[in-house]
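Good morning, and thank you for coming.

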Amino acid sequence: MNFQGLTKVETADWYINVAFRAATKKAGIARGASSGTRLDKSKSIECAKLAELHTVLRKHLMQILLSFPSIDGLPEFYQQLVRTTLEYDQLKKSLGAVNWAVDKIDMLHRDYMRDLTKTRDLTRVNALRKEYYGRVSSVVKTIKEQLAYLENSRKVMKEFPSIKQNVFTVCIAGFPNIGKTTLLSKLTASKPEIAAYAFTTKRLNIGYLKSDHVRIQVIDTPGALNRFEKMNAIEQQAYLAIKYCADIVVYIFDLGEPFPLAHQKRLFAELQRFHKPMLVYLSKTDILDKKLVAGFVAKFKENVFTSPDSLASEIVKRSRE
Ligand SMILES: Nc1nc2c(ncn2[C@@H]2O[C@H](COP(=O)(O)OP(=O)(O)OP(=O)(O)O)[C@@H](O)[C@H]2O)c(=O)[nH]1
Ligand SMILES: [Mg+2]
(Lines give C-alpha, C1' and ligand atoms only; values in the text may rest on other atoms or scores of the structure.)
(Ligands and ions follow the chains in the order given, each with its own letter.)
Protein backbone atom coordinates (compact mmCIF):
# COMPACT_ATOMS: atom_id res chain seq x y z
CA MET A 1 0.00 0.00 0.00
CA ASN A 2 1.46 3.35 -0.85
CA PHE A 3 0.13 6.85 -0.82
CA GLN A 4 2.87 8.61 -2.73
CA GLY A 5 0.84 8.75 -5.93
CA LEU A 6 -2.10 10.73 -4.59
CA THR A 7 -3.06 13.54 -6.97
CA LYS A 8 -2.27 17.03 -5.69
CA VAL A 9 -5.47 18.82 -4.76
CA GLU A 10 -5.50 22.38 -6.10
CA THR A 11 -7.50 25.37 -4.90
CA ALA A 12 -11.05 26.10 -6.06
CA ASP A 13 -9.77 29.13 -8.02
CA TRP A 14 -7.18 26.99 -9.78
CA TYR A 15 -9.83 24.55 -11.04
CA ILE A 16 -12.11 27.40 -12.14
CA ASN A 17 -9.32 29.19 -14.00
CA VAL A 18 -8.09 26.07 -15.77
CA ALA A 19 -11.61 25.13 -16.87
CA PHE A 20 -12.48 28.67 -18.01
CA ARG A 21 -9.27 28.96 -19.98
CA ALA A 22 -9.96 25.66 -21.71
CA ALA A 23 -13.51 26.81 -22.51
CA THR A 24 -12.25 30.07 -24.03
CA LYS A 25 -9.78 28.17 -26.17
CA LYS A 26 -12.53 25.85 -27.33
CA ALA A 27 -14.69 28.87 -28.26
CA GLY A 28 -11.97 30.05 -30.65
CA ILE A 29 -12.02 26.70 -32.46
CA ALA A 30 -15.83 26.57 -32.51
CA ARG A 31 -16.00 30.13 -33.91
CA GLY A 32 -13.89 29.12 -36.91
CA ALA A 33 -16.01 26.06 -37.58
CA SER A 34 -19.47 27.53 -37.03
CA SER A 35 -21.88 28.35 -39.83
CA GLY A 36 -25.52 29.40 -40.33
CA THR A 37 -27.38 32.38 -38.89
CA ARG A 38 -25.95 34.61 -36.17
CA LEU A 39 -28.11 32.81 -33.67
CA ASP A 40 -26.94 29.38 -34.85
CA LYS A 41 -23.30 30.45 -34.72
CA SER A 42 -23.61 31.97 -31.30
CA LYS A 43 -25.39 28.91 -29.96
CA SER A 44 -22.81 26.48 -31.29
CA ILE A 45 -19.96 28.57 -29.81
CA GLU A 46 -21.61 28.81 -26.39
CA CYS A 47 -22.54 25.11 -26.40
CA ALA A 48 -18.90 24.23 -27.14
CA LYS A 49 -17.72 26.45 -24.25
CA LEU A 50 -20.24 25.06 -21.85
CA ALA A 51 -19.37 21.47 -22.71
CA GLU A 52 -15.64 22.09 -22.42
CA LEU A 53 -15.97 23.84 -19.06
CA HIS A 54 -17.92 20.86 -17.79
CA THR A 55 -15.54 18.25 -19.24
CA VAL A 56 -12.41 19.86 -17.81
CA LEU A 57 -13.84 20.51 -14.36
CA ARG A 58 -15.33 17.04 -14.15
CA LYS A 59 -12.05 15.43 -15.18
CA HIS A 60 -10.11 17.25 -12.43
CA LEU A 61 -12.65 16.63 -9.68
CA MET A 62 -12.96 12.96 -10.62
CA GLN A 63 -9.18 12.68 -10.50
CA ILE A 64 -9.33 13.62 -6.81
CA LEU A 65 -12.06 11.06 -6.11
CA LEU A 66 -10.27 8.29 -7.97
CA SER A 67 -6.90 9.08 -6.47
CA PHE A 68 -7.98 9.06 -2.81
CA PRO A 69 -8.54 5.55 -1.50
CA SER A 70 -11.90 4.66 -0.03
CA ILE A 71 -11.11 5.08 3.65
CA ASP A 72 -13.43 2.30 4.81
CA GLY A 73 -11.85 -0.10 2.35
CA LEU A 74 -8.32 0.47 3.66
CA PRO A 75 -6.50 -2.22 5.66
CA GLU A 76 -6.99 -1.77 9.41
CA PHE A 77 -3.45 -0.38 9.93
CA TYR A 78 -4.07 2.50 7.52
CA GLN A 79 -7.60 3.14 8.77
CA GLN A 80 -6.19 3.57 12.26
CA LEU A 81 -3.35 5.72 10.95
CA VAL A 82 -5.88 7.94 9.18
CA ARG A 83 -7.84 8.18 12.41
CA THR A 84 -4.77 9.18 14.43
CA THR A 85 -3.26 11.65 11.97
CA LEU A 86 -6.36 13.17 10.38
CA GLU A 87 -9.95 14.01 11.17
CA TYR A 88 -11.56 10.88 9.78
CA ASP A 89 -15.05 12.41 9.54
CA GLN A 90 -13.80 15.57 7.94
CA LEU A 91 -11.86 13.58 5.36
CA LYS A 92 -14.93 11.53 4.48
CA LYS A 93 -17.12 14.62 4.35
CA SER A 94 -14.59 16.43 2.13
CA LEU A 95 -14.58 13.58 -0.37
CA GLY A 96 -18.37 13.57 -0.18
CA ALA A 97 -18.37 17.30 -0.99
CA VAL A 98 -16.29 16.75 -4.13
CA ASN A 99 -18.74 14.04 -5.15
CA TRP A 100 -21.59 16.47 -4.57
CA ALA A 101 -19.85 19.09 -6.76
CA VAL A 102 -19.45 16.60 -9.61
CA ASP A 103 -23.17 15.73 -9.47
CA LYS A 104 -24.07 19.41 -9.33
CA ILE A 105 -21.98 20.43 -12.35
CA ASP A 106 -23.38 17.44 -14.27
CA MET A 107 -26.86 18.66 -13.53
CA LEU A 108 -26.06 22.27 -14.48
CA HIS A 109 -24.46 21.07 -17.70
CA ARG A 110 -27.58 19.07 -18.62
CA ASP A 111 -29.99 21.90 -17.78
CA TYR A 112 -28.09 24.69 -19.51
CA MET A 113 -27.34 22.62 -22.62
CA ARG A 114 -31.06 21.95 -22.94
CA ASP A 115 -31.98 25.63 -22.50
CA LEU A 116 -29.27 26.80 -24.90
CA THR A 117 -30.31 24.35 -27.58
CA LYS A 118 -33.96 25.35 -27.26
CA THR A 119 -33.67 29.13 -27.22
CA ARG A 120 -34.40 31.21 -30.33
CA ASP A 121 -33.41 34.47 -28.65
CA LEU A 122 -29.88 35.76 -29.31
CA THR A 123 -29.67 37.91 -26.17
CA ARG A 124 -30.74 34.91 -24.09
CA VAL A 125 -27.74 32.90 -25.40
CA ASN A 126 -25.23 35.19 -23.70
CA ALA A 127 -27.32 35.47 -20.58
CA LEU A 128 -27.53 31.68 -20.25
CA ARG A 129 -23.77 31.34 -20.64
CA LYS A 130 -23.07 33.96 -17.97
CA GLU A 131 -25.54 32.38 -15.63
CA TYR A 132 -24.02 28.95 -16.19
CA TYR A 133 -20.49 30.25 -15.55
CA GLY A 134 -21.63 31.93 -12.36
CA ARG A 135 -23.38 28.87 -11.03
CA VAL A 136 -20.53 26.49 -11.85
CA SER A 137 -18.00 28.83 -10.17
CA SER A 138 -20.18 29.05 -7.13
CA VAL A 139 -20.40 25.23 -6.88
CA VAL A 140 -16.61 24.91 -6.97
CA LYS A 141 -16.16 27.77 -4.48
CA THR A 142 -18.61 26.07 -2.12
CA ILE A 143 -16.14 23.21 -1.67
CA LYS A 144 -13.14 25.54 -1.22
CA GLU A 145 -12.44 24.47 2.36
CA GLN A 146 -12.97 20.80 1.64
CA LEU A 147 -10.42 20.98 -1.20
CA ALA A 148 -7.92 22.60 1.16
CA TYR A 149 -8.54 19.86 3.73
CA LEU A 150 -8.01 17.16 1.11
CA GLU A 151 -4.71 18.73 0.08
CA ASN A 152 -3.62 18.83 3.70
CA SER A 153 -4.64 15.17 4.07
CA ARG A 154 -2.74 14.23 0.94
CA LYS A 155 0.44 15.73 2.37
CA VAL A 156 -0.02 13.78 5.61
CA MET A 157 -0.84 10.53 3.80
CA LYS A 158 2.17 10.91 1.52
CA GLU A 159 4.32 10.37 4.61
CA PHE A 160 2.57 7.12 5.56
CA PRO A 161 4.91 4.12 5.47
CA SER A 162 4.41 1.71 2.58
CA ILE A 163 3.59 -1.52 4.35
CA LYS A 164 2.56 -4.48 2.26
CA GLN A 165 -0.45 -6.41 3.45
CA ASN A 166 -0.65 -10.19 3.15
CA VAL A 167 3.12 -10.57 3.44
CA PHE A 168 4.57 -12.31 6.50
CA THR A 169 5.74 -9.42 8.66
CA VAL A 170 8.28 -9.07 11.45
CA CYS A 171 8.46 -5.97 13.64
CA ILE A 172 11.74 -5.20 15.40
CA ALA A 173 11.22 -3.47 18.73
CA GLY A 174 13.34 -2.33 21.66
CA PHE A 175 14.78 0.69 23.41
CA PRO A 176 16.43 3.55 21.46
CA ASN A 177 19.98 3.13 20.17
CA ILE A 178 19.92 -0.56 20.94
CA GLY A 179 20.58 -1.81 17.40
CA LYS A 180 17.14 -2.18 15.80
CA THR A 181 18.08 -0.54 12.53
CA THR A 182 21.40 -2.37 12.46
CA LEU A 183 19.54 -5.67 12.78
CA LEU A 184 17.15 -4.66 9.99
CA SER A 185 20.09 -4.01 7.69
CA LYS A 186 21.64 -7.35 8.61
CA LEU A 187 18.43 -9.28 7.97
CA THR A 188 17.50 -7.49 4.76
CA ALA A 189 19.17 -5.68 1.91
CA SER A 190 17.97 -2.27 3.09
CA LYS A 191 20.45 0.49 3.93
CA PRO A 192 18.72 2.70 6.48
CA GLU A 193 20.40 5.37 8.59
CA ILE A 194 22.28 4.02 11.61
CA ALA A 195 23.95 6.29 14.15
CA ALA A 196 25.61 6.17 17.52
CA TYR A 197 22.90 8.23 19.19
CA ALA A 198 19.36 7.51 20.25
CA PHE A 199 16.24 8.41 18.26
CA THR A 200 18.07 8.19 14.92
CA THR A 201 15.14 6.48 13.26
CA LYS A 202 12.35 8.95 12.63
CA ARG A 203 10.23 6.82 10.35
CA LEU A 204 9.43 3.16 9.98
CA ASN A 205 12.28 1.56 8.03
CA ILE A 206 11.10 -1.38 6.00
CA GLY A 207 13.16 -4.09 4.36
CA TYR A 208 12.57 -7.50 2.83
CA LEU A 209 14.22 -10.73 3.85
CA LYS A 210 14.36 -13.09 0.89
CA SER A 211 15.04 -16.77 1.22
CA ASP A 212 14.28 -19.26 -1.55
CA HIS A 213 10.75 -18.35 -2.54
CA VAL A 214 9.77 -16.61 0.67
CA ARG A 215 9.61 -12.86 1.03
CA ILE A 216 9.32 -11.53 4.54
CA GLN A 217 8.65 -7.92 5.43
CA VAL A 218 10.77 -6.58 8.26
CA ILE A 219 9.80 -3.30 9.93
CA ASP A 220 12.06 -1.38 12.29
CA THR A 221 9.66 0.15 14.80
CA PRO A 222 11.34 2.87 16.85
CA GLY A 223 10.13 4.41 20.05
CA ALA A 224 9.24 3.21 23.49
CA LEU A 225 5.72 2.31 24.45
CA ASN A 226 3.75 4.85 26.32
CA ARG A 227 0.08 5.74 26.60
CA PHE A 228 -1.09 5.93 22.98
CA GLU A 229 -2.17 9.57 23.23
CA LYS A 230 1.22 10.51 24.66
CA MET A 231 3.20 8.93 21.83
CA ASN A 232 4.71 11.03 19.07
CA ALA A 233 3.77 10.37 15.43
CA ILE A 234 6.48 7.80 14.80
CA GLU A 235 5.75 5.94 18.02
CA GLN A 236 2.08 5.77 17.09
CA GLN A 237 2.99 4.35 13.68
CA ALA A 238 5.25 1.79 15.37
CA TYR A 239 2.50 0.82 17.82
CA LEU A 240 -0.06 0.39 15.02
CA ALA A 241 2.41 -1.61 12.90
CA ILE A 242 3.02 -4.03 15.79
CA LYS A 243 -0.67 -4.29 16.54
CA TYR A 244 -2.03 -4.66 13.01
CA CYS A 245 0.84 -5.82 10.77
CA ALA A 246 3.22 -7.98 12.82
CA ASP A 247 3.10 -11.76 12.57
CA ILE A 248 6.16 -11.92 14.84
CA VAL A 249 7.86 -9.36 17.07
CA VAL A 250 11.63 -9.48 17.46
CA TYR A 251 12.58 -7.82 20.72
CA ILE A 252 16.17 -6.64 21.16
CA PHE A 253 18.01 -6.60 24.48
CA ASP A 254 21.31 -4.75 24.83
CA LEU A 255 23.11 -6.33 27.77
CA GLY A 256 25.58 -3.45 27.72
CA GLU A 257 22.68 -1.69 29.43
CA PRO A 258 22.55 1.77 27.90
CA PHE A 259 19.14 1.40 29.58
CA PRO A 260 18.80 -0.68 32.76
CA LEU A 261 17.97 -4.29 32.04
CA ALA A 262 14.94 -4.04 34.32
CA HIS A 263 13.49 -1.33 32.05
CA GLN A 264 14.23 -3.37 28.95
CA LYS A 265 12.48 -6.35 30.54
CA ARG A 266 9.49 -4.19 31.44
CA LEU A 267 9.07 -3.05 27.84
CA PHE A 268 9.37 -6.67 26.72
CA ALA A 269 6.57 -7.60 29.12
CA GLU A 270 4.43 -4.71 27.87
CA LEU A 271 4.86 -5.84 24.29
CA GLN A 272 3.52 -9.24 25.21
CA ARG A 273 0.12 -7.65 25.59
CA PHE A 274 -0.15 -7.65 21.78
CA HIS A 275 -0.29 -11.46 21.99
CA LYS A 276 2.11 -11.89 19.08
CA PRO A 277 4.81 -14.56 18.96
CA MET A 278 8.04 -12.97 20.23
CA LEU A 279 11.65 -13.77 19.48
CA VAL A 280 14.48 -12.27 21.49
CA TYR A 281 17.70 -11.03 19.92
CA LEU A 282 20.79 -9.87 21.80
CA SER A 283 22.61 -7.05 20.07
CA LYS A 284 26.26 -6.09 20.40
CA THR A 285 27.31 -9.55 21.59
CA ASP A 286 30.58 -8.99 19.66
CA ILE A 287 31.64 -6.43 22.26
CA LEU A 288 30.04 -7.99 25.32
CA ASP A 289 31.47 -10.37 27.88
CA LYS A 290 30.78 -13.94 26.66
CA LYS A 291 29.82 -15.13 30.17
CA LEU A 292 27.25 -12.35 30.54
CA VAL A 293 25.66 -13.36 27.25
CA ALA A 294 25.70 -17.09 28.07
CA GLY A 295 24.18 -16.40 31.49
CA PHE A 296 21.29 -14.41 29.99
CA VAL A 297 20.62 -17.03 27.29
CA ALA A 298 20.56 -19.82 29.90
CA LYS A 299 18.17 -17.99 32.24
CA PHE A 300 15.73 -16.41 29.80
CA LYS A 301 12.55 -18.38 29.23
CA GLU A 302 12.06 -17.47 25.55
CA ASN A 303 14.27 -18.48 22.63
CA VAL A 304 17.20 -16.09 22.47
CA PHE A 305 19.22 -15.43 19.32
CA THR A 306 22.67 -13.92 19.26
CA SER A 307 23.39 -14.02 15.54
CA PRO A 308 21.33 -12.45 12.74
CA ASP A 309 21.71 -15.62 10.64
CA SER A 310 20.17 -17.96 13.21
CA LEU A 311 17.42 -15.39 13.83
CA ALA A 312 16.74 -15.16 10.08
CA SER A 313 16.47 -18.97 9.82
CA GLU A 314 13.97 -19.04 12.67
CA ILE A 315 11.90 -16.25 11.07
CA VAL A 316 11.82 -18.10 7.74
CA LYS A 317 10.80 -21.30 9.54
CA ARG A 318 7.98 -19.49 11.37
CA SER A 319 6.75 -17.88 8.15
CA ARG A 320 6.23 -21.34 6.69
CA GLU A 321 4.24 -22.70 9.62
N1 LIG B 1 29.40 -3.47 18.09
C2 LIG B 1 28.12 -3.44 17.76
N3 LIG B 1 27.52 -2.24 17.61
C4 LIG B 1 26.21 -2.22 17.27
C5 LIG B 1 25.46 -3.42 17.08
N6 LIG B 1 24.19 -3.08 16.78
C7 LIG B 1 24.14 -1.73 16.78
N8 LIG B 1 25.34 -1.21 17.07
C9 LIG B 1 25.69 0.23 17.18
O10 LIG B 1 24.76 0.84 18.06
C11 LIG B 1 24.42 2.15 17.61
C12 LIG B 1 22.92 2.27 17.46
O13 LIG B 1 22.46 1.38 16.45
P14 LIG B 1 21.10 1.57 15.65
O15 LIG B 1 20.95 0.36 14.81
O16 LIG B 1 21.04 2.91 15.00
O17 LIG B 1 20.09 1.55 16.88
P18 LIG B 1 18.50 1.81 16.87
O19 LIG B 1 17.92 0.92 17.92
O20 LIG B 1 17.96 1.67 15.50
O21 LIG B 1 18.46 3.30 17.37
P22 LIG B 1 17.24 4.38 17.23
O23 LIG B 1 16.79 4.38 15.80
O24 LIG B 1 17.88 5.65 17.62
O25 LIG B 1 16.20 3.92 18.21
C26 LIG B 1 25.19 2.34 16.31
O27 LIG B 1 26.37 3.03 16.59
C28 LIG B 1 25.48 0.94 15.85
O29 LIG B 1 26.63 0.86 15.05
C30 LIG B 1 26.14 -4.67 17.25
O31 LIG B 1 25.59 -5.77 17.12
N32 LIG B 1 27.47 -4.61 17.60
MG1 LIG C 1 17.01 3.04 14.36
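How many residues of domain 1 are in contact with residues of domain 2? In this model, 5 residues of domain 1 are in contact with 6 residues of domain 2, where contact means that the C-beta atoms, placed from the backbone, lie within 7 Å. On the side of domain 1 that touches domain 2, those residues divide into 2 nonpolar, 2 polar and 1 charged. Here Ala, Val, Leu, Ile, Met, Phe, Trp, Tyr, Cys and Pro count as nonpolar, Asp, Glu, Lys and Arg as charged, and the others, Gly among them, as polar.

The model is predicted: local features need pLDDT of at least 70 and side-chain atom pairs count only at pLDDT 80 or more, whereas totals for chains, interfaces and linings use all residues. Residues are numbered from 1 along each chain as its sequence is written, and chains are lettered from A and ligands numbered from 1 in the order in which they are written.

Domain 1 covers 12-158 and domain 2 covers 169-320, with bounds from an automatic or database domain assignment. Their C-alpha centres lie 50 Å apart. Along its principal axes, the C-alpha trace spans about 100 × 40 × 35 Å.

The protein has 11 helices and 6 strands; these are DSSP runs numbered from the N terminus, helices being H or I of at least four residues and strands E of at least two. The radius of gyration is 29 Å, well over the 20 Å that the globule rule gives for 321 residues, so the protein is more spread out than a compact globule. That radius is taken over C-alpha atoms, and the rule is 2.2 Å times the number of residues to the power 0.38.

I turn now to the sheet. Its 6 strands form an open sheet in the order β2-β3-β1-β4-β5-β6, with mixed pairing; strands pair if DSSP finds at least two bridges between them. β2 (205-211) and β6 (304-305) stand at the edges, each with a single partner strand, so one side of each is left without a neighbour in the sheet.

Strand β1 (residues 169-173) runs parallel to β3, joined by 4 bridges, and Thr169 stands opposite Gln217 in β3. β1 also pairs with β4 in the parallel sense over 4 bridges, where Cys171 stands opposite Val249. In β1, 5 of 5 residues are buried, meaning that 20 or more other C-beta atoms, placed from the backbone, lie within 10 Å of a residue's own.

Notes
Two residues are in contact if their C-beta atoms, placed from the backbone, lie within 7 Å. A residue is buried if 20 or more other C-beta atoms lie within 10 Å of its own, exposed if 12 or fewer, and partly exposed in between; C-beta atoms are placed from the backbone.
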